[in-house]
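My notes follow the structure.

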Amino acid sequence: MAKQSAPTVVGRGLGGELRQVRRARRLTGSGVATQLGWQPSKLSRIETGQQGIRLEEIAALLAIYGVVGEERKRLLDMARRGREPGWWETHSAGLTPWSRTFIRFEAEATRIVGWQPLLVPGLPQLPEYTSALMKACGVAPADAQARVAARLGRQAILARDEPPELNLVIDEMVLRRPLGGRRLMVRQLHHLIEMMDRPNVTLRVLPLACAGHSGLDGAFVLFDFDRLPPVVHLEHKISSIFLEKPDQVDVFRREADTLAGSALSQAESMKLIARVAVEHERE
């Protein structure tokens, strides 16, 4: 029996999109498989990225689902790249920086580890903070409104019966940058403290006293899953990169451990956040 190849980021992204399209059409996996003469397990493996899919097979699937035009072209292009290790995405003006693939990984992860030296991470952001960020980055008001709504939708994963474990480390400068004004930052910092009371959330602050450290070269997010390999996501202004090779992931896992080891404890971080909130109130 041939050895099953490991699922790639592209394959998992494509499979997840195909599963989403099928469910939106209210079609069962077994029903679709029967129409194509497949075993249901084959469609299941495709939807989890554990089995590749030939172009003629995805074309048949898209015909059943009624997918046409640019969406069909985009999914066929993903199929062509289905076994490439890693994935670099370039975002057009009409897309939010948080791609479909990122949102899907975030929703499916059992553990999310993040480092952010500049901004409050997405999951604990207040909508007003997100709006201020969009304005500061020059996003058009119509697009900004959609992005704020998408960010709020992402945060719903933290309200699930079994939410993912969320481990975040942020730089103290994140607390001190009054994005949207000091009154908004006070509310945002109080929101962080409330989030830290959740049993699945750990948030630690790397103090400015730690003058130089290896996290100065940028933010990252590491996703761990129940049965699938971990993935690292790096975000740039108009592009994203997903890393999945074990040696690449190990670099960022070690980095996360190093940053957490240099950061304040959860209790001390909470005290610092509260103290900076008071300082904003006094300004």
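**Strand β2 and its partners**

I looked up Gly114 and found that its bridge partner in β5 is Val221. The model I am reading is a predicted one. Strand β2 (residues 111-116) joins strand β5 (residues 220-224) through 5 bridges, and the two run antiparallel. I then checked strand β3 (residues 165-171), which pairs with β2 in the parallel sense over 6 bridges. There, Gln116 has Ile170 of β3 as its bridge partner. I noted that 5 of the 6 residues of β2 are buried, so the strand is largely enclosed by the rest of the structure.

**Helices α1 and α5**

I looked up the packing of helix α1 (residues 9-24) on helix α5 (residues 69-80): the angle is about 145° and the axes are 9 Å apart. The crossing is left-handed. From α1, the contact uses Val10, Gly13, Leu14 and Glu17; from α5, Glu71, Arg74, Leu75, Met78 and Ala79. I sorted these contact residues into 5 nonpolar, 1 polar and 3 charged.

**Aromatic pairs**

I counted 6 aromatic pairs in the structure. For Phe102 and Phe223 the ring centres are 5.3 Å apart and the planes stand at 70°; an angle over 60 degrees counts as edge-to-face, so this pair is edge-to-face. Phe102 sits in helix α6 (residues 100-108) and Phe223 in strand β5, 121 residues apart. Both Phe102 and Phe223 are buried. Phe105 and Phe225 are also edge-to-face, with 5.6 Å centre to centre and 70° between the planes. Both of these residues, Phe105 and Phe225, are buried. I recorded one aromatic cluster formed by Phe102, Phe105, Phe223, Phe225 and Phe242.

Note on methods
Residues numbered from 1 in each chain as written. Predicted model: local features only at pLDDT ≥ 70, side-chain atom pairs only at ≥ 80, totals over all residues. Heavy atoms only, no water. Buried < 20%, exposed > 50% of the residue type's maximum accessible area, 1.4 Å probe, protein only. Helix = DSSP H or I, 4+ residues; strand = E, 2+ residues; numbered from the N terminus. Pairing = 2+ DSSP bridges. Axes fitted to C-alpha atoms, helices over the stretch in contact; angles between N-to-C directions. Left-handed = near helix turned anticlockwise from the far one by under 90°. Contact = heavy atoms within 4.5 Å. Nonpolar A, V, L, I, M, F, W, Y, C, P; charged D, E, K, R; others polar. Phe/Tyr/Trp six-rings, centres within 6.5 Å; stacked < 30°, edge-to-face > 60°.
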